[in-house]
Amino acid sequence: MGLYDRDYSQLEDATKEGVQSFSFKVYSWMSCGLLTTTLVAYLIFRLELSASILPFALFAGLICFGIGMAMQGLFERVSAQTLMGLMLAYSAFEGVFFGAVLPMFHVETVWSAFLVGGLMFGGAVLYGRMTRSDLTSLGSILRYALIGLLVTTLGMFVLSFLLFV
């Protein structure tokens with residue numbers, strides 16, 4: 001099974017190892033996209049270009065939306081290399097957007113969110129690669145944990161608003 005096979009479940013050699021290899025390659029590219037976003041945002045922030053880019057942040061966000069829609073519409077008609085290029089361009093423009101708006105937030109919080117998100121994602125990839133298993137058995141547990149986290153966050157938001165008004 002190659003990296004560029006689109007419907008791997010229909011292939012004759014869709015063995016468990018083939019699907020795992022395909023998934024590892026896909027998530028590796030997704031990790032590259034996350035790394036690209038982080039590096040571009042970090043460079044914009046460190047080179048102190050945020051103020052000059054801020055007026056174009058909305059434009060960068062719209063470009064990301066356009067690239068995402070193009071990827072969705074062109075998925076079946078273009079080569080995998082073209083999709084990879086579009087994905088990396090999407091990641092770079094996301095980095096431009098985040099780099100522009102980063103100074104509006106507490107910087108350490110944003111960088112720690114990037115770091116934790118990247119480490120969690122990379123850890124899940126490595127877990128799947130090393131143990132040859134997937135995380136689908138945790139799906140229902142994680143779904144309810146997410147619902148609990150959202151309810152708690154919303155509750156904290158409402159309570160903090162009521163307490164400080």
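Helices (H or I, at least four residues) and strands (E, at least two) are DSSP runs, numbered from the N terminus. By this rule the protein holds six helices and zero strands, and from the N terminus on its elements follow the order α-α-α-α-α-α. The structure is a predicted model, in which local features need pLDDT of at least 70 and side-chain atom pairs count only at pLDDT 80 or more, while totals for chains, interfaces and linings use all residues. Residues are numbered from 1 along each chain as its sequence is written, and side-chain values use heavy atoms, with hydrogens and water left out.

A view of the whole chain comes first. Buried here means under 20% relative accessible area, exposed means over 50%, and partly exposed lies in between (1.4 Å probe, protein chains only). Of the protein's 165 residues, 19% count as buried. Contact means heavy atoms within 4.5 Å. Among contacts in the protein with a separation of 6 or more, 70% join residues 24 or more positions apart.

The interior can be followed through its nonpolar cores. A nonpolar core is a set of buried Ala, Val, Leu, Ile, Met, Phe, Trp, Tyr and Cys residues joined through side-chain atoms within 4.5 Å. The largest one is made of six residues, namely Ala-41, Phe-45, Leu-102, Val-110, Trp-111 and Phe-114. Helices α1 (16-46) and α5 (107-131) each supply at least two residues of this core, and α5 gives the most, with three residues. Apart from this core lies another, of five residues, among them Ile-44, Ala-57, Ala-100 and Val-101. Phe-45, a member of the largest core, is in contact with Ser-50, Leu-102, Pro-103, Val-107 and Trp-111, leaving aside its neighbours within four places in sequence.

How do two helices of this protein pack? Two packed helices are described by the angle between their axes and the distance between the axes. Axes are lines fitted to C-alpha atoms, for helices over the stretch in contact, and angles run from 0 to 180 degrees between N-to-C directions. Helix α3 (residues 57-74) packs with helix α4 (residues 80-101) at an angle of about 160 degrees, and their axes are 9 Å apart. That makes α3 roughly antiparallel to α4 (angles under 35 degrees count as roughly parallel, over 145 as roughly antiparallel, 65 to 115 as roughly perpendicular and the rest as oblique). The crossing of α3 and α4 is left-handed, a term used if the near helix is turned anticlockwise from the far one by less than a right angle, with right-handed used if clockwise.

On the α3 side, the residues that meet α4 include Ala-57, Ile-63, Ile-67 and Met-71. Their partners in α4 include Leu-83, Tyr-90, Phe-93 and Val-101. The residues of this contact of α3 with α4 divide into 16 nonpolar, two polar and one charged. In this count Ala, Val, Leu, Ile, Met, Phe, Trp, Tyr, Cys and Pro are nonpolar, Asp, Glu, Lys and Arg are charged, and the others, Gly among them, are polar. Ala-89 has its place in helix α4 and is partly exposed, with a relative accessible area of 26%. The C-alpha atoms of Ala-89 and Ile-67 are separated by 8.0 Å, although the two are 22 residues apart along the chain.

A few other positions complete the picture. Leu-88 also has its place in helix α4 and counts as partly exposed at 30% relative accessibility. Not counting residues up to four places away in sequence, Leu-88 touches Trp-29 and Thr-36. Thr-36 is 52 residues from Leu-88 along the chain, with 7.2 Å between their C-alpha atoms. Arg-46 lies in helix α1 and is exposed, with a relative accessible area of 52%. Glu-48 is found in the loop between α1 and α2 (50-53), where Glu-48 is exposed at a relative accessible area of 69%. Its phi is near 55 degrees, a positive value in a residue other than glycine.
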